[in-house]
Amino acid sequence: MNSSENNNDVYYIIDITDCSQTGNCVTAAPGIISIDSNGDPYFINGTICGEYRVLYNPPASDENALLEAIANCPCGCISVETKLSRKR
């Protein structure tokens, strides 16, 4: 999903509030998601906003692994959202 091709901004989000810390996300997306010293997952190239870990417009080559991480999260803590870019 390339944002420059479809004019969408893509956000992958991990909400650690209900995370069971199984590590399934890291197994599905190694090199993209890692575990911090508290056992919580985070995006290696993302940002941390309180209880949320956010990855904005990752490379298209990471999409399959990220979708696999979403599918393998037993708590449903990982999601993807798109926001259409507004043209002015």
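Modeller: This is a predicted model. In the largest nonpolar core, which has 16 residues, Ile-32, Ile-33, Phe-43 and Ala-69 touch the most other members. At least two residues of this core come from each of strand 1 (8-15), helix 2 (24-28) and helix 3 (63-72). Strand 1 gives the most, three residues.

Biologist: Which residues is Ala-69 in contact with, leaving aside its neighbours within four places in sequence?

Modeller: Cys-25, Ala-28, Ala-29, Ile-33 and Ile-78 are in contact with Ala-69.

Biologist: What makes Arg-53 and Asp-36 a salt bridge?

Modeller: Their closest N and O atoms are 3.8 Å apart. The cut-off is within 4 Å, for a side-chain nitrogen of Lys or Arg and a carboxyl oxygen of Asp or Glu. The pair therefore counts as a salt bridge. The structure holds one. Arg-53 lies in strand 5 (residues 52-56) and Asp-36 in the loop between strand 2 (33-35) and strand 3 (41-43), so the pair ties together parts 17 residues apart in sequence.

Biologist: Why is Arg-53 called buried?

Modeller: Its relative accessible area is 6%, and buried means under 20%, so Arg-53 is buried.

Biologist: And why is Asp-36 called partly exposed?

Modeller: Asp-36 has a relative accessible area of 22%.

Biologist: Where is Glu-51 found?

Modeller: Glu-51 is in the loop between strand 4 (47-49) and strand 5. With a relative accessible area of 43%, Glu-51 is partly exposed. Leaving aside neighbours within four places in sequence, Glu-51 is in contact with Ile-14, Asp-15, Ile-16 and Thr-17.

Technical notes. Residues numbered from 1 in each chain as written. Predicted model: local features only at pLDDT ≥ 70, side-chain atom pairs only at ≥ 80, totals over all residues. Heavy atoms only, no water. Core = buried A, V, L, I, M, F, W, Y, C linked by side-chain atoms within 4.5 Å. Buried < 20%, exposed > 50% of the residue type's maximum accessible area, 1.4 Å probe, protein only. Helix = DSSP H or I, 4+ residues; strand = E, 2+ residues; numbered from the N terminus. Contact = heavy atoms within 4.5 Å.
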